[in-house]
Structure formats: C-alpha cells, structure tokens
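Have the coordinates open as you read.

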Amino acid sequence: MHMSEIYSDTIVAISTAMAPSGIGIVRVSGPDAIEIADRVYSNPKGKRLSDQKGYTIHYGNVCEKGEVIDETLAMLMRAPHSYTGEDTVEFDCHGGVLATKRVLEAIIHAGARPAEPGEFSRRAFLNGRIDLTQAEAVMDIISAKNDHALRSAQHQLKGSVSEKISVVRQKLLHETAHIEAALDDPEHMSLDGYVEEMHEVITEQKSALLRLLESADSGRFMTEGIKTVIVGKPNAGKSSLLNLLIGEEKAIVTDIAGTTRDILEEQINVKGITLRLLDTAGIRDASDVIEQIGVEKAKEQVKDADLVLYVVDGSVALDENDHEIMDLIHDRKSVVILNKNDLSTVITNEQLEEKTQAPVISMSAKQSLGLDELEEEIEKMFFHGGISFNDEVYITNVRHKTCIEEAIRSLGLVLQSMDDGMPEDFWSIDLMGACDALGKITGDTTSEDLVNEIFSSFCMGK
Ligand SMILES: Nc1nc2c(ncn2[C@@H]2O[C@H](COP(=O)(O)OP(=O)(O)OP(=O)(O)O)[C@@H](O)[C@H]2O)c(=O)[nH]1
Ligand SMILES: [Mg+2]
C-alpha cells in the first residue's frame, strides 16, 4: 500500500547552508513550481521558463516588484523527472545569506509555501520516487562522519537494503498467500504435505534476517563509531595514550597516580573508522573519595564498550588491581597495550597474552612508538575482510534493526505454532506480522504518522 498523494500546493526552501558561500540554492517544487518561478524570473531576452524543456538551465535575474534581488541560473526539471517527481525549479544564486533569503521571500510572495523540514524527500517518497530506506540514506549521506558511513549510505541509497528486505518479504508473502488460499478453499487446496516445505522456507528466511541483524553492529560502528574505553592502573599511561591517539595534549598527564578522575571523551578517525575514545581514572582501591567515584565511572563505561584498550605499565609488576581489570574486561573486545617499552620492562607480551587472551601491542605512549601497530590491530579486529561493500549489506539504521527484530520474533512464533500443531490461521497471523514488520522498513506498510515523524527529522530544504 503506497500512500500516493497528489499535492496541490507548491513548496519552496533554501537547500544550501545558511552561511556565506559560493552558491545558494533555492528550490521550488509542486504543480505550480514553473509558473511561480516565472513570476520572479526575468530574462534579458524575455524568455519564460514555462516555454522551456525539462533538464535545461537558464540565465537571468530573480526580481520582485521590478527590483533585481540577485543574478541566477534557473535549473528546470519537469515531472516526473526530478527528485520529488514534481515540476521543480532550482535557483542557483550567489550564496549570500541575505540575498538567498530575499529570493526565498520573493518566491513565497509569488505563491509558494515554505517547505517543512524533509518535505522534498517526503514528496519523493510519496510519489514513489524512492522508498523509505533510500530517503533515510539521503540523510545518512548528509550526516556521514567517515568513509565507511558514507559508502554504506550510498549503497542504501541505491536500494541495497530494500532489495535484501524485499526478497525475504516476497517469499513470506508467497507462503502467506498459500495458507490463505488453502483456508479459503479447503476443498480444492490442502496444505497436506506442504507443511515441511513451508517450515524450511520460513527457517531459511529467519536465518537470512538474523544474518542481516548481525551486520547491524558493524553498521552501528560505521555510523556512530566504536566506543573505545581506555582502562588501566593509575600511572599506566592512559592519558598519554589518548593524547597520542588524538595528536594533541588534551588530557592532563602527570607522574602522580590518580591524575585523571573524570571521563574525557574525544573522537578520532582510524583508517576511516570513527573511534569514540574515553580516557578514564586509573583503577585501584582508592581512598580518595573523588578518585573512587572516577574509578566507579570507569568500570561503568567498560560495560557497554565496543572496544577496551587496557594499558599496562611494563616497568612495574602486575598486581591485584591488574587482575581486577582483567576480570572486568574478560568479555569485552580488548587490546592490551604494554606501555613504557622505552624503559626496562618486567612483563612480557606472552605473559599478558596468556592472561587476557587478547592481542598485546608493545608501545611507548611517551615516545610515540607503536601507534601504527595499534591502529592496524583495531582495523583488523573490526573490519578485517568484513567490509566488502559489493555484496554485503549493512543495517545502519536503528529503525530498520527494530523492524528486523520484530520480524524475526514473529517468524519464531510461526515456527513454534507449526511445531505445536496449531491450526493454520495461527501461523498466518504471525507470518503476516513478519511481512508487515519488513514492509515498514521500505515504507510499504508504514503508517502516515511514522512517515511524518521520519521526515520531520530531516534538514530544511532536503
Ligand atoms: N617512560 C615512559 N613514561 C610514560 C609513558 N607513557 C606515560 N608515561 C609517563 O607516566 C606518567 C603517567 O602518565 P599518564 O598518562 O598520566 O597516566 P594515566 O594512566 O593517565 O594515569 P592516571 O590518570 O593517574 O590514572 C607520566 O609521567 C607520563 O609521562 C611511556 O611510554 N614511557
Ligand atoms: Mg590519566
């Protein structure tokens, strides 16, 4: 069910950032876009946009009441060959904030309505130009923080996510139709002998969805970054490591144990991957109240860390604090950093490897040694061979993830009902539930409220 709507009004918005820039674009879209554009467009030769073909560009001025506001290149796109699927005119103007605003106002005075945030994309969706995942991909491209996020959004825009979801959904719809037909016409259609086959199809599709769900973690890493918590004993060199990684003396470093108390967060890009780095208080049984709070905060952060960097001062022996830390991080993805390798060391890589079962990198945060090895290790851990954008589809959107989880739950219920020998109409309800959940991802079964909510978070003019 596509909510095809015919819009009667024409909308306008500034589509570029509101800052002095080379070009400012004001976009007009709707049934009267070209007519309204003609009311503000003036051409030295008296040319009218209404007489021109689509996909053409025309030089002229934007005027109001005979006064020239700005020079322009007007780009003309005729329905359905535009982003929104409607007649669209984009005025390329000089990118001054005031001039662009005046152009916008002139077009509003000429009969267009100011667009809501995301309204152009909403129209593109409702006119069937793009589906929901593609509209969301447009926003992901705009907000991409690193190369991986950008590439993944590009793929989603091309329809990679919808395609994966649609294949599963079609197969499930087929099974639903089969059951419904048998229920409607029990004399001619029977499910006898078909149940096993159906069980297999549903199991297969459930696994396909589970695989997609597994990709969601990588997807989240791509878009939100990897939450990386630096832990270790006081004085191990955690803050020094943070400073080395970010390339700046942000965190206070002293030879006094217990220097860092609060959490310090910084963001870096490592080989195109965003790391959200958190420096924490050194873990020990602190007598100082403030330090103790810091230690508790550090432990708290470890619980939902995607990656732990455990810094060990190689020049002093391991003690019970280290064992507490190892216990704390044993179920987290970790890299152990054997720091201060410029000093004489009393701990070996092998020793640490054996105790932590994690890769150990020998470094000197103070002398900037070992950074490359650390970055390579992180890349290997998270994306080793894992990111091949050609055939893999990554779920990066939490909304999609939730819908997939819902579909998996419903399919679980279907299989359960089948195994329990429940009547067919029981299965078909949950099967339809799964189809609906998947349809919500692409927008086939999305309620209007949800559509409005999704597009309202878009930027102005998009
Ligand atoms: N020789 C040597 N000294 C280091 C190295 N890394 C850090 N240090 C020194 O160790 C001391 C403690 O460093 P910090 O980075 O403050 O250690 P921390 O783990 O953040 O300590 P707390 O915040 O107290 O938990 C400082 O004097 C650093 O200069 C290293 O690789 N080699
Ligand atoms: Mg510190």
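Sort the lining of the second largest cavity by residue class and you get six nonpolar, six polar and no charged residues. Keep in mind that this is a predicted model. The cavity itself has a volume of about 40 Å³, and the structure holds two cavities of 30 Å³ or more. Around the second largest cavity you'll find Ile-14, Thr-16, Ala-17, Met-18, Ala-19, Ser-21, Ile-23, Gly-24, Gly-95, Gly-96, Val-97 and Thr-100. Two elements, strand S2 (21-29) and helix H2 (97-109), each supply at least two residues of that lining. S2 has the largest share, with three residues.

Now for the open space. The largest pocket has a volume of about 540 Å³. There are 27 residues lining this pocket, and the closest to its centre are Gly-237, Ser-240, Val-253, Thr-254 and Lys-340. Which helix gives the largest share of the lining? That would be helix H8 (residues 238-246), with five residues. By class, the pocket lining comes out as seven nonpolar, 13 polar and seven charged residues.

If you want to find Lys-340 in the fold, go to the loop between strand S12 (334-339) and helix H11 (349-356). Another backbone detail to check is the peptide bond from Ala-79 to Pro-80, which is cis, with omega near 0°. Pro-80 lies in the loop that runs between strand S5 (67-77) and strand S6 (88-95).

On to the helices. Two packed helices are described by the angle between their axes and the distance between the axes. Start with helix H7 (residues 195-224) and helix H13 (residues 398-419): their axes come within 10 Å and cross at roughly 155°. Angles over 145 degrees count as roughly antiparallel, and H7 and H13 are therefore roughly antiparallel to each other. Their crossing is left-handed. On the H7 side, the contact is made by Val-195, Met-198, His-199, Ile-202, Thr-203, Gln-205, Lys-206, Leu-209, Leu-210, Leu-212, Leu-213 and Ala-216. From H13 come Lys-401, Ile-404, Glu-405, Ala-407, Ile-408, Leu-411, Gly-412, Val-414, Leu-415, Met-418 and Asp-419. Split by class, the contact of H7 with H13 has 15 nonpolar, four polar and four charged residues.

H13 also packs against helix H14 (residues 424-442), where the axes come within 8 Å and cross at roughly 165°. That angle makes H13 roughly antiparallel to H14. The crossing of H13 and H14 is left-handed. In H13, the residues involved are Arg-399, His-400, Cys-403, Ile-404, Glu-406, Ala-407, Ser-410, Leu-411, Leu-413, Val-414, Ser-417 and Met-418. They meet Phe-426, Trp-427, Asp-430, Leu-431, Gly-433, Ala-434, Ala-437, Leu-438, Lys-440 and Ile-441 in H14. The class count for the contact of H13 with H14 is 14 nonpolar, four polar and four charged residues.

One more pair to go. Is helix H3 (residues 119-126) parallel or oblique to helix H15 (residues 448-456)? The two pack at an angle of about 140°, with their axes 9 Å apart, and that makes H3 oblique to H15. The crossing of H3 and H15 is right-handed. Here Ser-121, Arg-122 and Phe-125 in H3 meet Glu-448, Val-451, Asn-452 and Phe-455 in H15. By class, the contact of H3 with H15 has three nonpolar, two polar and two charged residues.

Terms used
Residues are numbered from 1 along each chain as its sequence is written. Chains are lettered from A and ligands numbered from 1 in the order in which they are written. This is a predicted model: local features need pLDDT of at least 70, side-chain atom pairs count only at pLDDT 80 or more; totals for chains, interfaces and linings use all residues. Side-chain values use heavy atoms; hydrogens and water are left out. Axes are lines fitted to C-alpha atoms, for helices over the stretch in contact, and angles run from 0 to 180 degrees between N-to-C directions. Helices (H or I, at least four residues) and strands (E, at least two) are DSSP runs, numbered from the N terminus. Angles under 35 degrees count as roughly parallel, over 145 as roughly antiparallel, 65 to 115 as roughly perpendicular and the rest as oblique. A crossing is left-handed if the near helix is turned anticlockwise from the far one by less than a right angle, and right-handed if clockwise. Contact means heavy atoms within 4.5 Å. Ala, Val, Leu, Ile, Met, Phe, Trp, Tyr, Cys and Pro count as nonpolar, Asp, Glu, Lys and Arg as charged, and the others, Gly among them, as polar. On a 1 Å grid over the protein atoms alone, a cavity is a set of points where a 1.4 Å probe fits but cannot get out, and a pocket is an open set with protein on both sides within 12 Å along at least five of seven lines; lining residues have an atom within 4 Å of a point. Grid points are joined across faces, edges and corners, and a volume is the space filled by probe spheres set on the points.
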